[in-house]
Amino acid sequence: SGAWKAYTSDGVPLPLDECPMALTLKSRKAVLGVEILIERPTGEKLNVLPHPQPLFDEKGHFSGAINTLMDLAHQKESLTLRQEKEDLTQLVNAMQRSEQRYHRMIAEVQDYAIILLSTEGSIENWNQGAQRIKGYSEQEIIGKNFRIFYPPEDQQSGLPGKLLQEASTTGKAQHEGWRVRKDGTRFWGSISITALHDPGGNVIGFSKVTRDLTERRNNELKAQRYAEDLRRNNEMLKESEERYHRMVSEVE
């Protein structure tokens, strides 16, 4: 950690996009057994063995990667193949435990609705935040299309499909607007849709994060109404002053 530069084991500068972690993010596959040199900001160089591992959710969708660096400075000569295999096994087990904790964390998030969508927009998973914000239980909503959260006017204009198309084309789509809960009430939602890709770059689904900003929106509307009332009162006051001055002028 803290490295500014990377090199091959022979000391040749290694571009960041060719480092083992970058290759794992591109290929969605572990890149093991590649020794590299890293240079700290102090100029100190360390010989390390990276162990980048891709992470997948329970649906098999790629969700990121985790990397561990093994310092070989004092043990490179003494490490045996068996030790390396044992270390790698422990690392894999640790990463699997970390992945499980990550998925539990997502499932238990309360302030954000975090869901996975198919390429057609069908809902594939549901966290506690989604249930709190939208009102549906997981059993009620899995398999339905996410357009159910949009008011009729947005459904008629094709907004849900346009957002998926934008995410497919640019990688991400963001939007703020009224959304509909299970009980029919509306809330002001800020959403971000991110396209998920397979190793070949094909879109295989979407992640969607929604935050309920109704309170902020209501405060903005109150501020707008207050400003409008203040403007009208000022205009009325100005008109009254003008009438008063005209009346005084006519009396004189």
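**A walk through the predicted chain**

Among contacts in the protein chain with a separation of 6 or more, 43% link residues 24 or more positions apart; a contact means heavy atoms within 4.5 Å. This is a predicted model, where local features need pLDDT of at least 70, side-chain atom pairs count only at pLDDT 80 or more, and totals for chains, interfaces and linings use all residues. Residues are numbered from 1 along each chain as its sequence is written, and side-chain values use heavy atoms, with hydrogens and water left out.

Start with the overall makeup. The protein chain holds seven helices and 10 strands. These elements are DSSP runs, numbered from the N terminus: helices are H or I with at least four residues, strands are E with at least two. Of the 252 residues, 32% are buried. Buried means under 20% relative accessible area, exposed over 50%, and partly exposed in between, with a 1.4 Å probe and protein chains only. The accessible surface is about 15,700 Å², and carbon and sulfur atoms supply 51% of that. Such areas come from the Shrake-Rupley method with a 1.4 Å probe; for residues, only the protein chains shown count as cover.

Now go inside. The largest nonpolar core has 22 residues. A nonpolar core is a set of buried Ala, Val, Leu, Ile, Met, Phe, Trp, Tyr and Cys residues joined through side-chain atoms within 4.5 Å. I123, W126, F146, F149 and I193 touch the most other members. Two or more residues come from each of β7 (112–117), α3 (128–134), α6 (159–170) and β9 (186–197). Look at F149. Leaving aside residues up to four places away in sequence, F149 touches I115, I123, W126, K134, Y136, I141, R179 and V180. A second, separate core has seven residues, including A6, L14, I36 and L46.

Next, follow strand β8 (residues 172–180). Nine bridges join β8 to β9, and the two run antiparallel. Strands pair if DSSP finds at least two bridges between them. A173 has I193 of β9 as its bridge partner. Five residues lie between the strands of this hairpin, where G184 takes a positive phi near 95°.

Finish at T214, in helix α7 (residues 214–251). Is T214 buried or exposed? T214 counts as buried because its relative accessibility is 15%. Not counting residues up to four places away in sequence, T214 touches R181, F187 and W188. Its side chain reaches the backbone nitrogen of W188 at 2.9 Å. The side chains of T214 and D212 are joined by a polar contact of 2.5 Å. A polar contact is a pair of N or O atoms within 3.5 Å; within protein, one must be able to donate a hydrogen and the other to accept it, and residues adjacent in sequence count only if both atoms are side-chain atoms.
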